[in-house]
Amino acid sequence: MSLENFGTVSFTTEAKAADFVTYLEQGKVMATRCRKCGTSYFPPRMDCPKCLISGIEWFEIKGSGKLATYTVVNYGPTGFEDDAPYTLAIAEFGDGIQMFGRLSRDIDEGDIKLGMGLKVIPVKLPGGRVAYEFQKD
Ligand SMILES: [Zn+2]
């Protein structure tokens, strides 16, 4: 499994992106949590900068999040021109998780409101890539 199979979000090298993609293919959107201090990380990290240990566990991001901010993208970046327009959003879930991603096209632009309930759903993209998107909760 390689990073190229992940569609819409870039990860730093410190994230275990391959594991993240494997979980996505299993239908799970995962974050990580430090076993010592309980801090949650998304994108997932394999070490905790507070504790300087690598005692990290994966957990599934479930339940309802809230739309914190969003922007409509009218011109896609190179390679994604045909995708535009789409809506990029930041959603806040419990445990201090802030996720960056796309809103589902099923949500009408007129229905988008700050604070609206969102859930995060794995999606399959053309070419076998996997990603996630936010849907109305
Ligand atoms: Zn920690």
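1. Leaving aside neighbours within four places in sequence, Ser 104 is in contact with Glu 133, Phe 134 and Gln 135; contact here means heavy atoms within 4.5 Å. This is a predicted model, in which local features need pLDDT of at least 70 and side-chain atom pairs count only at pLDDT 80 or more, while totals for chains, interfaces and linings use all residues. Residues are numbered from 1 along each chain as its sequence is written, and side-chain values use heavy atoms, with hydrogens and water left out.

2. Ser 104 sits in the loop between strand E6 (98-103) and strand E7 (117-124). Helices (H or I, at least four residues) and strands (E, at least two) are DSSP runs, numbered from the N terminus. With a relative accessibility of 4%, Ser 104 counts as buried; the cut-offs are under 20% relative accessible area for buried, over 50% for exposed, and partly exposed in between (1.4 Å probe, protein chains only). A polar atom of the Ser 104 side chain lies 2.9 Å from the backbone nitrogen of Asp 106.

3. Strand E8 (residues 130-136) is mostly covered, with 5 of its 7 residues buried. E8 is joined to E6 by 2 bridges, and these two strands run parallel; two strands pair if DSSP finds at least two bridges between them. Phe 134 in E8 is the bridge partner of Leu 103, and Phe 134 is also among the contacts of Ser 104.

4. E7 and E8 run antiparallel and are joined by 7 bridges. Gln 135 in E8 stands opposite Lys 119. The hairpin of E7 and E8 has 5 residues between the strands, and Gly 127 takes a positive phi near 85° in this hairpin.

5. Which residues hold the zinc ion? The zinc ion is coordinated by the SG atoms of Cys 34, Cys 37, Cys 48 and Cys 51, at 2.3 Å. Donors are N, O and S atoms within 2.8 Å of the metal (3.2 Å for Na, K and Ca); water is not among the atoms, so sites may look incomplete. The spacing of the donor residues in sequence is C-x2-C-x10-C-x2-C.

6. The arrangement around the zinc ion is tetrahedral because the 4 donor atoms subtend angles of 103 to 113°. Four donors count as tetrahedral if all angles lie between 85 and 135 degrees. As for accessibility, Cys 34 is buried at 1% and Cys 51 is buried at 18%, whereas Cys 37 is partly exposed at 36%. The structure holds 0 disulfides, a disulfide being a pair of cysteine sulfur atoms within 2.5 Å.

7. An open sheet of 3 strands has the order E2-E1-E3, with antiparallel pairing. E2 and E3 stand at the edges with a single partner strand each, so one side of each has no neighbour in the sheet. E1 and E3 are joined by 5 bridges. Cys 34, one of the zinc donors, has Ile 56 in E3 as its bridge partner.

8. For the protein as a whole, there are 1 helix and 8 strands, in the pattern α-β-β-β-β-β-β-β-β along the sequence. Of the 137 residues, 41% are buried. Among contacts between residues at least 6 apart in sequence, 49% join residues at least 24 apart.

How values were computed:
Four donors count as tetrahedral if all angles lie between 85 and 135 degrees; four count as square planar and six as octahedral if opposite donors are over 155 degrees apart and all others between 65 and 115; anything else is irregular. A polar contact is a pair of N or O atoms within 3.5 Å; within protein, one must be able to donate a hydrogen and the other to accept it, and residues adjacent in sequence count only if both atoms are side-chain atoms.
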